[in-house]
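Student: Before we discuss the terms applied to this model, please show me the sequence and the structure.

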Amino acid sequence: MRAIAKIREDIAACDKELARLLARRMDCIGEVIAYKKSHGMPILQPEQEARQRKLLADILDGAPYEEEQLQVFECILKMSKKVQAKALFARNIALIGFMGAGKSTVSHCLKDMLAMEEVETDAMIVEAEGMAITDIFAKYGEPYFRNCESNAIIELQDRRQVIISCGGGAVMRDENVENLKKSSQIVLLTATPETTLERVKDSDERPILNGHMNVEYIAQLMEKRREKYEEAADIVIATDGKTVIEICEELIRKLNGMEGGREEN
Ligand code: S3P
C-alpha cells in the first residue's frame, strides 16, 4: 500500500491536471462562440448538445465510476453553458410584453440552453405575499399589486446575467423601466391579439383578462400599452409562428448585434 502522503500527492497532481484541462476546455467554449459569431452560425445548437451527450455516454459506458463521472460531466456541461452565457450577455435580460407574448417560455428555454438563472417578477410577488396573483388583486386591488411589482424590480437591480421575466404590465410605470435599464437589456416580445388569445384563453390566472377573454379586448389593451412597451424596449421580437428556439436565437443575435449574419450549420 502507498503511503498516505504519496496518495495525497497523486490526488493533488490529478487536480492540477484536471484544472489545466478544464481551463483548456473552457477556452475552447470561448473559441466556439467567437467562431459561430464570426461565421454567422446559430449560437444555440441543441442537436450538438445531444451528440456530445451521446459521445460521452459511449466513452463512459462500463468505465470505472461511470455514474459519478457522468455527473461530473453534467456539471462541466452546465458550467460551459454559463461561460457561453457570459460571452453573450454582460447584463441581465429583461423580457417584457403583453400577457401570452411568451416571456416565461422564452425564459425557460434560455435557462436550459445557457444555464442562466431565471426569475419571474410574478413568482417573486406570489412568494413574498404568500398568495396567488388573482387573490392579491381580489384582496388588495391592482395598485397594491403594482407596488409589489415595483419592489420586485428594485430587488433585482444588483443581479447580473439573470433572465428577468416581467409581468405584462410592469413597464407601464416609468420608474420600473428606469430600474430595469440599470442592469438589463430589455427585450420586447410581441404577438398578435389572435395568437395572444390562443395562448391565454385556458388560464384564469390573469385577473386583467378574466371576464374579457376575447380578441377585441386584448387588441384594445395591447394598443393602449403599445407605446410604453416600445419605448422601454432595446430590441423587439415578434413571436407569431416561430418556435421557441428560433425566438431565443433571434434574441441572442439581436442583443449581440449579429442581425443579418449568414445561417449555416
Ligand atoms: C399582468 C400580467 C401578468 C401578471 C398580472 C398582470 C398585466 O403577467 O403580472 O396578472 O397587467 O399585463 P404575465 O404577463 O406574465 O401574464
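**Terms and their cut-offs**

Tutor: At 13% relative accessibility, arginine 146 counts as buried. The model is predicted, so local features need pLDDT of at least 70 and side-chain atom pairs count only at pLDDT 80 or more, while totals for chains, interfaces and linings use all residues. Residues are numbered from 1 along each chain as its sequence is written, and side-chain values use heavy atoms, with hydrogens and water left out.

Student: Why is arginine 146 called buried?

Tutor: Buried means under 20% relative accessible area, exposed means over 50%, and partly exposed lies in between (1.4 Å probe, protein chains only). The value for arginine 146 is 13%, and therefore the residue counts as buried. Glutamate 149, at 1%, is likewise buried.

Student: What makes the pair of glutamate 149 and arginine 146 a salt bridge?

Tutor: A salt bridge requires a side-chain nitrogen of Lys or Arg within 4 Å of a carboxyl oxygen of Asp or Glu. The closest N and O atoms of glutamate 149 and arginine 146 are 2.8 Å apart, so the pair meets the rule. Both residues lie in helix α7, three residues apart, about one turn of the helix. Helices here are DSSP runs of H or I with at least four residues, strands are runs of E with at least two, and both are numbered from the N terminus.

Student: Why are lysine 54 and aspartate 58 separated by about one helical turn?

Tutor: The reason is that they are four residues apart in helix α2.

Student: Which parts of the chain does the salt bridge of lysine 181 and aspartate 234 link?

Tutor: The side chains of lysine 181 and aspartate 234 meet at 3.7 Å, N to O. This pair links distant parts of the chain, 53 residues apart: lysine 181 is in helix α8 (residues 174-183), and aspartate 234 is in the loop between α10 (215-232) and β5 (235-238). Lysine 181, at 34%, is partly exposed, and so is aspartate 234, at 44%.

Student: How many salt bridges does the rule give?

Tutor: The count comes to 18. Glu49, Arg53, Glu74 and Lys81 are linked in a network of such bridges.

Student: Is glutamate 49 buried or exposed?

Tutor: Glutamate 49 has a relative accessible area of 18% and is therefore buried. Its place is in helix α2 (residues 46-60). Leaving aside neighbours within four places in sequence, glutamate 49 is in contact (heavy atoms within 4.5 Å) with Leu77 and Lys81.

Student: What makes the pairing of the side chains of glutamate 49 and arginine 53 a polar contact?

Tutor: A polar contact is a pair of N or O atoms within 3.5 Å; within protein, one must be able to donate a hydrogen and the other to accept it, and residues adjacent in sequence count only if both atoms are side-chain atoms. The side chains of glutamate 49 and arginine 53 make such a contact at 2.8 Å.

Student: Which residues come nearest to the ligand?

Tutor: Of the 14 residues around the ligand, Lys103, Asp122, Arg146, Arg206 and Arg225 come nearest. A ligand oxygen is 2.7 Å from a side-chain N or O atom of lysine 103, and an oxygen of the ligand is 2.8 Å from one in aspartate 122.

Note on methods:
A residue is near a molecule or strand if one of its heavy atoms lies within 4 Å of it.
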